[in-house]
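Hi,

Here is the structure I said I would pass on.

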Amino acid sequence: MMATSYSAKDEDGHITVSGPGAGTLRSKKPENTAFKQQRLPAWQPILTAGTVLPAFFIIGLIFIPIGIGLYVTSNNIKEFEIDYTGVDMSSPCFNCSQNYSWNSTRPCTCTIPFYLETPYESNVFMYYGLSNFYQNHRRYVKSRDDSQLNGDVGSLQKPSKECEPYAYHENRPVAPCGAIANSMFNDTLELFYNNPNGTKLQIPLTSTGIAWWTDKHVKFRNPGNDPNLTAAFQGTTKPVNWRRPVYELDSDPENNGFINEDFIVWMRTAALPTFRKLYRIIQKKNSMVPTLPRGNYTLEVVYNYPVRRFEGRKRVILSTISWMGGKNPFLGIAYMTVGSVCFLLGVVLLIIHHKYGNRNNSADISN
Amino acid sequence: MSNVGECMMELSGDERRVDSRTIYVGHQSGPTNEAFIPPKFCDNRIVSSKYTVWNFLPKNLFEQFRRIANFYFLIIFLVQVIVDTPTSPVTSGLPLFFVITVTAIKQGYEDWLRHKADNEVNKYPVTVLEDGRRIRKESEKIKVGDVVEVEEDETFPCDLILLQSTRDDGTCFVTTASLDGESNHKTHYTVPDIETDLEALSATIECEQPQPDLYKFVGRMQIHKNNQDPTVRSLGPENLLLKGATLKNTQKIHGVAVYTGMETKMALNYQGKSQKRSAVEKSINAFLLVYLCILVSKALVCTTLKYVWQSKPGQDEPWYNEKTQREKDTNQYLKMFTDFLSFMVLFNFIIPVSMYVTVEMQKFLGSFFIAWDKDFYDPEIKEGALVNTSDLNEELGQVEYVFTDKTGTLTQNNMEFIECCIDGIQYSPRDRSIEMDVTDGPVSKLQQRAGREMEELFLRALCLCHTVQVKESTGQDQDQVDGHVDQVDGLGVDEVLDESQEQIGFIASSPDEVALVKGAMRYGFRFLGLESKTMKILNRNNDVEMYDLLHVLNFDPVRRRMSVIVRSGSGDTLLFCKGADSSIFPRVKKEEVERIRMHVERNATEGYRTLCVAYKYLCEDEYAQVDAELREARLALQDRDEKLMAVYNQVETGMSLIGATAVEDRLQEEAAETMEALQGAGIKVWVLTGDKMETAKSTCYACRLFQRSTELLELTVRTLEDGGRRREERLHELLIEYHKKAVQDAPPVKAGVRRSWASTNQDYGFIIDGASLSMVFNSSSDSSSSNYKNLFLQICQNCTAVLCCRMAPLQKAQIVKMVKNSKGSPITLSIGDGANDVSMILEAHVGIGIKGKEGRQAVRNSDYAIPKLKHLKKLLLAHGHLYYVRIAHLVQYFFYKNLCFILPQFLYQFFCGYSQQPLYDAAYLTMYNICFTSMPILAYSLLEQHISIDALLDKATLYREIGKNAMLRWGPFLYWTLLGIFHGVVFFFGVRLLFSNPALQDNGQVFGNWSYGTIVFTVLVFTVTLKLALDTRHWTWINHFVIWGSLAFYVFFSFFWGGIIWPFMSQQRLYFVFANMLSSVSAWLVIILLILLSLLPEILFVVFHKPRSHHARQVISQCLLPAACSAVMPTAFACLGECSTSEHPNLCA
């Protein structure tokens, strides 16, 4: 009747107890250390309205000014954006956008005039922007070979599998391989200032300093130590969509091959399908003269890059930059909002705390 | 294990062939002609371990992957290996490997412990007679047929047939305390006609195949003597000594092994400990299911949207992002399926692999705190608490019912004579002078003393009216005792009785009787023993008085008294009777009762066990008649019991009351306080005991389970027989009546553990005994049986305390099972010390063993073992509470942190063309759960004390706050889930808005997708860690170290990971991403903003919630000062508002 439940090993209870090993093992008195007795000294914070109240006010008082600062800063940033996709018939680039083919030898050029209403005082950053371009598509993001880009000769001749289907062309390894490199943005953008006196002045654009320093100097490297890039890239072929091989991207040897900054910028895949990438910098030459004075300008585009096929848009952005980066009112608004909310909550809490405090006191008094 | 299997196989094989086994005693074949084929039996090895060195790896892996979670992760891993998935197999393979390894190590360690325990038993040295020599052997080497020698106080190493005993009469005494909990001595007999020279013995034993019934054994023994025909002796259970029983009071025995190892009756009774699962684990599994649904639906949504999105022209394969030939060739449906799998893999982190390992580690490490607790250390036995399972730590915080054994658990099973009352005058033996002291009882104001004659009569009655045996000391004890006796003789026997001498010697089925005999000893009357029907008493004057024992009118629970009839030296025939007051008072002269009743009642109130003593003279004629009637009744073949009872009742009348005794079954230290604390914690305490009802009842009173005001509802054999009708009818009637009283008339009790125990209503206590219980359970018709069971259960649930007495071990388990499976499936805890409690210990959700005197059975089968009952309070109220809070928080936090980890990744799919592009780098995906966020929560779940231990012990009511799995119900789960969703959305869209202009550096350079992910991840790690910091109420240096250390490690790791071009990596995605991020002011600002924004609701929640409970706690602590209490309560509660009124008094209590 009671026969259901005994553990086999447990039968000889007495034997086990009298066993010397077990006896000494168990008779050890627990050590009286703070840790083992769970009595470590501890700080025991209790969040109450009283302790949190000042924090709310402080947060409010800090955030609101920061928010205002950010907002003002963002508003002071001048930004000018031109969509030159050429969707409309009226658009100067309409023609170019229509009859496009990769193989056409004659570049299609279009000219877009625009007017800057305010002078741009500091350095002006010229971005190109693409929309509905999924640079963050998984197949796209992984389609690159970083060791090839890092100058590894082996990878140059034998690109990684990840680059497929842009790894080999006509049985020759593609350098740089992969979908990202293959689809590099290749419109040429030039900016002219239309002097009121009628002359057209080309604005000098700096094409260095647009990529991360570490990318340019460490992550990207040309293969071999040969200063002659043509020889270094011997045996490889250019990406299918490119017009020139990688060693002819720029005449400056410090900005050619894999370390071409336009290329490096492109290779840093964007986070969202609508993005902008830094194209050129217009350096401020003279502290007396604004970088871009008020007036008429012309944007000359060598229209190479097709976006209409995937409903994409292309645009050029001229922007000044502040300590917080480009124009973005979000941070300022967010900070102001959170700051105000904190402040308001502080007030609400104060009222509640006040009420509670009274009750609390009355209880104490009766004590 | 293989060994066991072999045995079992062999066993079952044997059973098919023959239903008996033949054993050659001492391996000597009989002089028969048949060839001696030694039969193959299994050896005496006990195996409880699961693995051997060789099969550990494959078997353990198999066991582990049978767990659904592990299997799931294995599948994910395989999918990652086979299918082209967004993350590398390492991301899920590494954590899985980690989990499997840690678990394997833990299980290996536990199995090693089992091996060690097995070895302790198996290697225990025993003496075996072989060819006339005594050989020391290891216990495991005993073979069937070996003649084994066992000495006093040793346990039998296997099942033996008793061949020889050192006692003259061929008997030996054993106690089966560790088998069935009965601590009295049982007599076993040698097989008759065995030669004294065992070497020369040639015999075969034929007996049945091993079977688990402890009380059945059939066999016969053929003894061969010099070519004579063999003598055949039958063998029964009285010849069989069971493994696990202990030899007592007998110097040495020899026996032949008949069943060994896993075939012993005890081993056959072994039932593998069923895996107990805690409620928390069930909650985890439920949550897991929810998350699995979330995961699958996320993957489905993404897959669907992906194909919707792709159906638009130009989206699926724009010119800049062409597919490989293989991708183009893949079947559309297969592609859809692999896409689905890819999404599953991408989001699989939502089901945290590491949660299992963290939970396991938390349980494993956390249980050390129980073993380490010095409050559980008992200097007497020099042991602390023992943790056998670490899986149930948190269950200790959820207990709703405590089932406790009485003897040895509530009480010390150590009876002590407290005082007596002779002729209405109270005596107390506290002072050890020769003369009896009259204490200042309420009656004896005049220092009067009962007549000397009365005193002596009373003491003689105590000395004679019992069934106690005097223990014959043996062996080593002998010298010791002799020494003592000599010494005592020198001082004069009746002067000082040495403690050690008191301890020698009395054996009785009831410890009360021993206490009474010892009590008499203190007053100078010493019982010397019973020799062939003559009882010898040493009286105060050091004279030996002799009494002829004529009849013993045995105790039975219905009469509730016992008597002896003796003839004194002077020839008087006397009847002495002792029994419960209620059964004595009606049988004595009315005028004597009143003087004594007062004492009895007072003693009973104090929780002592009281007995009244009466006597009467029997004249010669009377005795002759009684004698004749008794003899006749004893010989009756039909209705013997009834006839005997009738004679007893007839004889035990017209007696005169001499006095009353009070014996205390000492409660365990702080038993009453512990019980009170448990009841305060909303736990219902049921006492399940094999003991008599009266005894158990008085214990219940003593430990305040029953109060004076408690109305007792009795459902016992006695009440059932009251009505004089059929028991079934009466049972029905009583059940209905009690149900009406306790359930229907009682005010509706609020659901849940909050019982209105503080209400002014009548408290009920329920008493049931084993016989009635089996009637309730096994009522004739099925429908009424379940009905009775329900009634019974409902009554019990409405009673403050329930006492079940006269329970068989299995009935204890039945009751536990009944409550366990009742509505709401409450968490049950059983606590006991003896082997008879094992069944209920195994049955209950949590089994606690007391490291008592009755062997180790309970301890070994328990989940936790503590030295004393009083430790239960801290174990439940402090440890249990903390463990529950810790693990509940751990579980919720884990799900939360993984939800807000994966949600941004899910949201990102909407922005990357549903291409399964991971938002975070693989290193972050892998390390998030292993390194960045695992340690703080582990430290929290080991160290957190949201309320200090002292406060938990002070205020038992705090235990109710976490009752019914309060922190893991769907409400809190929903809260955490919403919090996770909120955080995930804030992280993702906060950064998304920032990235509407990705030119975030002051040099105009732009950030890419990895920067995006890194910013989100940074916010995530900080928020999740700080959220835990907000929840931490108990900051030890370890918490500080781990929390800030984790954050620092994250930053350090990110720099490190991004600071090097890793040669083995094909892509350098994070190269300097983190450093560049930190160079951007906007990134800093957005990180700070988002962390704060995420934590804001949490802070608010805490602030709006905390004042109340904190305030309440203050009030309670004030209330602990009783004077302040009454003044504070009204106002305090007025302001609290939400506190239910029922709580007032117990806060003050």
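UniProt, in an unreviewed entry, lists residues 65-83, 286-309, 340-359, 923-943, 973-995, 1010-1029, 1041-1062 and 1082-1104 of chain B under "transmembrane region". Those positions are in the numbering used here, the feature name is shortened, and such annotations may be inferred rather than shown by experiment. Residues 65-83 of chain B are 89% helix and 0% strand, with 21 Å between the end C-alpha atoms. For residues 923-943 of chain B, the figures are 95% helix, 0% strand and 29 Å from end to end, again between C-alpha atoms. (Helices are DSSP runs of H or I with at least four residues, strands are runs of E with at least two, and both are numbered from the N terminus.)

Before going on: this is a predicted model, so to speak of local features takes pLDDT of at least 70 and side-chain atom pairs count only at pLDDT 80 or more, while totals for chains, interfaces and linings use all residues. Residues are numbered from 1 along each chain as its sequence is written, chains are lettered from A and ligands numbered from 1 in the order written, and side-chain values use heavy atoms, without hydrogens or water.

Next, a helix pair in chain B. Helix α10 (residues 353-372) of chain B packs against helix α29 (residues 871-909) of chain B at about 165°, with the axes 11 Å apart (axes are lines fitted to C-alpha atoms over the stretch in contact, and angles run from 0 to 180 degrees between N-to-C directions). α10(B) and α29(B) are therefore roughly antiparallel, a label for angles over 145 degrees. Residues in the contact (heavy atoms within 4.5 Å) include B:Met355, B:Gln362 and B:Phe369 of α10(B), and B:His879, B:Arg886 and B:Phe894 of α29(B). By class, the contact has 11 nonpolar, six polar and two charged residues (Ala, Val, Leu, Ile, Met, Phe, Trp, Tyr, Cys and Pro are nonpolar, Asp, Glu, Lys and Arg charged, and the others, Gly among them, polar).

Now the strands. In chain A, β2 (residues 108-116) and β9 (residues 295-303) run antiparallel and are joined by nine bridges (strands pair if DSSP finds at least two bridges between them). A:Leu116 sits opposite A:Gly295 of β9(A). β9(A) also pairs with β6 (residues 188-194) of chain A, antiparallel, over seven bridges, and there A:Glu190 faces A:Glu300.

Chain B has an open, antiparallel sheet of four strands in the order β1-β8-β9-β10. Its edge strands are β1 (20-24) and β10 (231-235) of chain B.

Cheers

Conventions. Parallel < 35°, antiparallel > 145°, perpendicular 65-115°, else oblique.
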